[in-house]
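User: I am new to this structure and would like to learn how to read its features one at a time. Could you take me through them slowly, giving the general idea before the case at hand?

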Amino acid sequence: DGEFFPAEATVDFDGKTVVPFCTSGGSGMGRSGEDLATLAETGNWLKGARHSGSISEDELLAWVEGLK
């Protein structure tokens, strides 16, 4: 069994905008973003995205820039 260390236990998201994302070869994010937002209780949580496991650094940076 792996241990889960909840990020919200050590990070104050108040006044922060959070965009959850992951890279994967197949599976999606499911409700991960919504669940993290619920656990954190603070912060401005935007809809996240799943990117291909083969996304390049340039493609990922372009996605991040597009969020602004």
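Analyst: What follows is a guided reading of a predicted model, feature by feature.

User: What share of the residues counts as buried, and how much area does the chain expose?

Analyst: Of the 68 residues of the chain, 15% count as buried. The chain exposes about 5200 Å², and carbon and sulfur atoms supply 51% of that area.

User: Could we take a single residue as an example? Is histidine 51 buried or exposed?

Analyst: Histidine 51 has its place in strand 4, and it is buried because its relative accessible area is 10%, where the cut-off for buried is under 20%. Leaving aside the neighbours within four places in sequence, histidine 51 is in contact with Phe21, Cys22, Thr23, Ser24, Leu60 and Trp63.

User: What kinds of residues make up the lining of the largest pocket?

Analyst: The lining of the largest pocket divides into six nonpolar, four polar and four charged residues.

User: How far apart in space are glutamate 34 and lysine 47, C-alpha to C-alpha?

Analyst: Glutamate 34, which lies in helix 1, is 13 residues from lysine 47 in sequence, and their C-alpha atoms are 8.4 Å apart. Glutamate 34 is partly exposed, with a relative accessible area of 41%. A second pair can be read in this way: serine 32, also found in helix 1, is 16 residues from glycine 48 in sequence, with 9.0 Å between the C-alpha atoms. Serine 32 is partly exposed as well, at a relative accessible area of 37%.

User: Next, backbone angles. What is the phi of glutamate 41, and where does this residue lie?

Analyst: Most residues other than glycine have a negative phi, and most peptide bonds are trans. Glutamate 41 has a positive phi of about 70 degrees although it is not a glycine. The residue lies in the loop between helix 1 and strand 3, residues 44–45. Glutamate 41 counts as exposed because its relative accessible area is 69%, and the cut-off for exposed is over 50%.

User: Finally, how many salt bridges does the structure hold, and which residues form them?

Analyst: Side chains of opposite charge can pair when their charged atoms come close. The structure holds two salt bridges. In one of them, arginine 31 pairs with aspartate 35, and the closest N and O atoms are 3.3 Å apart; arginine 31 is exposed, with a relative accessible area of 53%, whereas aspartate 35 counts as partly exposed at 36% relative accessibility. Another salt bridge joins glutamate 65 to lysine 68, where the closest N and O atoms are 3.3 Å apart. Glutamate 65 counts as partly exposed at 48% relative accessibility, while lysine 68 counts as exposed at 76%.

Key: Residues numbered from 1 in each chain as written. Predicted model: local features only at pLDDT ≥ 70, side-chain atom pairs only at ≥ 80, totals over all residues. Heavy atoms only, no water. Nonpolar A, V, L, I, M, F, W, Y, C, P; charged D, E, K, R; others polar. Helix = DSSP H or I, 4+ residues; strand = E, 2+ residues; numbered from the N terminus. Buried < 20%, exposed > 50% of the residue type's maximum accessible area, 1.4 Å probe, protein only. Areas by Shrake-Rupley, 256 points an atom, 1.4 Å probe, with all protein chains shown as cover. Contact = heavy atoms within 4.5 Å. Salt bridge = Lys/Arg side-chain N within 4 Å of Asp/Glu carboxyl O.
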